[in-house]
Amino acid sequence: MMIFKHFWTKRTLVGLGLGQFLSLLITSTGFSSSELAKIGINAPTSQSFLNYVLLAVVYGGVMLYRRQALKANWYYYVVLGLVDVEANYLVVKAYQYTPITSVMLLDCWSIPSVMLLTYIFLKTKYRFRKVAGVIVCVAGLVMVVFSDVHAGDRSGGSNPRKGDLLVIAGATLYAISNVSEEFLVKNADRVELMSFLGLFGAIISAIQISIVERNELKSIHWTSGAAFPFFGFSLAMFLFYSFVPVLLKMTGSTMLNLSLLTSDMWAVVIRIFAYHEKVDWMYFLAFFAVMVGLIIYSGGDKDDDQSRDEVAERSKHFDEEAGSNNINRASMAGSSKMGNDLTTSFGGREIIENKGIGKHVQGEKS
């Protein structure tokens with residue numbers, strides 16, 4: 001009983017539930033894209049463009065209402081917007097060259113990439129339990145690939161090598177985007193992150209559309225069958241982007257990528273009940289394996305609270321870089337600094353200067 005109490009914390013339950021909600025949103029975007037592809041619409045950047053516009057309008061309006069100073073330099077968001085737009089484009093583009101099973105398997109590259117990046121840049125430490133959870137999740141997804149091969153659902157693809165390289169590049173960019181968002185949401189502000197990601201994502205997407213997809217948009221005949229999945233995709237992506245920072249701040253980018261592995265399994269459920277299709281039994285075993293891996297990874301998050309507190313403590317340095325001139329100096333009077341430590345006393349307190357490096361001198365009342 002004590003073991004279950006240790007695993008089933010409030011953070012674990014909320015993280016698992018929110019992760020599966022995001023996974024369902026990704027599943028809905030996949031089905032929206034497939035419906036658009038059936039009627040001959042192939043404009044992935046245009047679909048994402050509406051999502052970025054919604055983010056910029058909604059969260060940008062909230063940010064203007066707050067009238068708060070930026071907590072991060074604007075050029076961070078330019079780079080993040082570019083990485084995010086190109087990650088979406090590359091992975092969707094890969095489906096034209098390589099079979100879906102290869103995309104599913106190679107997309108897992110984002111998980112070890114995220115773990116490596118968070119270890120290097122965010123100083124995240126992964127215990128054996130975390131690594132074991134990742135292994136179980138990836139093993140579950142590999143079962144899905146073997147299920148497709150077993151069922152004869154694998155097609156050759158026009159250029160598998162090119163497609164595989166696109167997936168690997170896109171998955172790497174996804175990892176960079178997720179880790180960057182995790183850093184910004186923990187050290188800056190969620191509303192600021194979403195508003196600037198939407199703004200610069202929309203600008204970059206508009207430029208790319210004018211170059212790559214201009215002719216495609218002109219050839220689209222807008223009917224209800226085309227408009228509904230097109231705008232439905234944008235709405236699902238808007239909700240996905242809105243809740244991703246919440247999960248990133250709560251459990252980190254690795255948990256996000258692991259949760260999204262179940263999107264393929266939720267697609268199977270929709271195929272069974274909505275389209276009445278038959279699927280291989282290994283899908284259900286894979287779904288169970290991924291869920292067990294998620295529980296192992298996210299269980300007992302109380303052990304990681306201390307490391308999250310350390311990440312929050314480092315946010316002070318990021319805030320100082322973005323705009324330390326806007327911070328009230330009185331609130332900084334009690335903080336200790338390396339180098340010259342100065343303790344100023346007002347109304348009867350002595351001023352004591354210590355020029356020693358790394359020493360803390362406490363003022364005595366006169």
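| Residues | pLDDT | Contacts in the model |
|---|---|---|
| 320–366 | below 50 | 45 contacts, beyond near neighbours in sequence |

Where pLDDT is low, the predicted coordinates should not be read in detail. For the protein, the mean pLDDT is 76, and 72% of the residues reach 70 or more.

Because the model is predicted, local features need pLDDT of at least 70 and side-chain atom pairs count only at pLDDT 80 or more, whereas totals for chains, interfaces and linings use all residues. Residues are numbered from 1 along each chain as its sequence is written, and side-chain values use heavy atoms, with hydrogens and water left out.

The protein has 14 helices and 2 strands, taken as DSSP runs numbered from the N terminus (helices H or I, at least four residues; strands E, at least two). Of the contacts with a separation of 6 or more, 85% are between residues 24 or more positions apart. Buried residues make up 44% of the 366 residues, buried being under 20% relative accessible area, exposed over 50% and partly exposed in between (1.4 Å probe, protein chains only).

Leu199 lies in helix 9, which covers residues 190–218, and it counts as partly exposed because its relative accessibility is 38%.

Definitions and conventions. pLDDT = per-residue confidence, 0-100. Contact = heavy atoms within 4.5 Å.
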